[in-house]
Amino acid sequence: MSITVDHYSTKSISSARVKEFLASPQQMLVNGEWVDAKSGKTFATYDPASGEVLAKVPQGEAEDIDAAVTAARAAFNEGSWVRMRPNLREDLLWRISQLILERADDFAELESLDNGKPVGIAGAFDVRSAADCFRYYAGWPSKLQGATNNPSMLLAPQEAEFHSYTRREPVGVCAQIIPWNFPLLMAAWKVAPALATGNTVVLKPAEQTPLTALLLGRILVEAGVPAGVVNIVTGFGDAGAALSGHPNVDKVAFTGSTEVGKKIVGAAQGNLKKVSLELGGKSPNIVFADADIPSAVAGTIQGFTLNSGQACEAGTRVYVHKDIYDEFNAALAEQVRALTIGPGNDPDSDITPLVSEEQLERVMGYLDAGKREGARPLVGGNRWGDSGYFVEPTVFVDTTPNMSIVRQEIFGPVAVSIPFSDEEEVIEAANDTEYGLAAALWTRDLSRAHRVAGRLNAGSVWVNTYHALDTALPFGGYHQSGWGRELGPESIDLYTQVKSVTIAL
């Protein structure tokens, strides 16, 4: 696809502040200053609904990463941020939350333009959840507690006395690499707990969707985050590689594909950085014969079409009991056909564009592979329109367990519907995956709900619902879906380390 325009037409943008933001030169945040890439290079970010250029942003490279890490290291070593009184750090995080809400409409429109998602979803979920994340972690700085111990000290004389305690301390300089599917929210998930625990940050947003991270940077500066505490570098994979392998980085937090996650692990080996990973998924969504079918159909559609299927926990493997398989599929197909496809700024759009031409080609490759391998589209199965990056919401039937559309993460609005006969069979099928991020089941049987939830290999299990996320609940996966848990108290563990102190009395 050839794109020759230099800048995006702002006619369809409702917010004057978003128009002003897009019209202004975009720069990176390094050591409290807005700067160009040292090379002077820039790259374009596009509107997925039209393919038009939204803005040009700096193309940060290894030299820019080094400057950002150096700033973060100096800010951490200087110590004023680490030693800031907990209540003051709480005030600052709360202020960030409030400033995000004050500009909620701007964030929502910018996220919709850059990512393609519905502006209503961006405002109601992405932006408000990001604000909620900063608000939640605003409560943590005064609650980072250690413990006292009563040690035996076996090598000491019997009459010797000791006092021992533990301290929970920040890890240090944190590299945070975020994906393009929920750009603002993923930034919040990482930056908020890192700041709450006294770390400094170098944030690298996805090259497809850098704009809300840069707007967040303006919010952080306005809120009073000290220079060097949060640095934001835009760029491509080489910048991410330089960041994850940098010897002055103490921890890497990454959300993205399992393939890239493995590269992050390799890059972190040089100085044995701490690593947390939230990676891919191929989540099972199980519908038992006693399920409320209308609710299960609605939940299944939300499960695989939210954000046009560009969600790591998407419920793309739908297992339906054979006694209701035909009835369920008929209702599912009817409602999927009724979904409206269109741009994110159209309030009537249910399915919006994929994020990029590259992602469109990837999803279309899976659709073609599914048909070639013998699966049948119950509904959808094609590209939609001849401009923008749209794909029809698709459900395949007549699949086999080894088909690529059954086993591999597609990251588009594509699901497979598979019949099953009994509980043991479906549990085995659901767990037959290299992933383990999420799972769902639909049933009126309370005992079955608890029994099956306990046997599914997934970090999150939802019963009679889907995409039930909350800042207070940990999120992460089994197997190749990642290491560690984000959100909730568990995220505090990702950004702290425990020190034991012993004093001879």
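Predicted model: local features only at pLDDT ≥ 70, side-chain atom pairs only at ≥ 80, totals over all residues.

Colleague: In which sense do β14 and β15 pair, and over how many bridges?

Modeller: Strands β14 and β15 (residues 394–397) are antiparallel partners, with 3 bridges.

Colleague: What is the order of the strands in the open sheet?

Modeller: The sheet has 7 strands, ordered β14-β15-β16-β13-β12-β17-β18, with mixed pairing. Because β14 (376–379) and β18 each have a single partner strand, they stand at the edges, and one side of each lacks a neighbour in the sheet. On average, neighbouring strands are turned by 25° against each other, direction ignored.

Colleague: Which strands does helix α11 lie across?

Modeller: Helix α11 (residues 325–337) lies across β12 (284–287), β13 (317–321), β14, β15 and β16 (414–420), and runs at about 70° to β14. Helix α14 (residues 423–430) lies across β12, β13 and β16, at about 175° to β13.

Colleague: Now the rings. How many aromatic pairs are there?

Modeller: The structure holds 8. Among them is the edge-to-face pair of W189 and F475, 5.6 Å centre to centre with 65° between the planes. W189 belongs to helix α6 (residues 183–196), while F475 is in the loop between β18 (460–463) and β19 (482–483), 286 residues apart.

Colleague: Why does W189 count as buried?

Modeller: W189 counts as buried because its relative accessibility is 6%, and the cut-off is under 20%. F475 is also buried, at 2%.

Colleague: Which charged residue sits over the ring of W81?

Modeller: The charged end of R89 does, 5.1 Å from the ring centre.

Notes: Residues numbered from 1 in each chain as written. Heavy atoms only, no water. Phe/Tyr/Trp six-rings, centres within 6.5 Å; stacked < 30°, edge-to-face > 60°. Helix = DSSP H or I, 4+ residues; strand = E, 2+ residues; numbered from the N terminus. Buried < 20%, exposed > 50% of the residue type's maximum accessible area, 1.4 Å probe, protein only. Lys NZ or Arg CZ within 6 Å of the ring centre and 35° of its normal. Pairing = 2+ DSSP bridges. Axes fitted to C-alpha atoms, helices over the stretch in contact; angles between N-to-C directions. Contact = heavy atoms within 4.5 Å.
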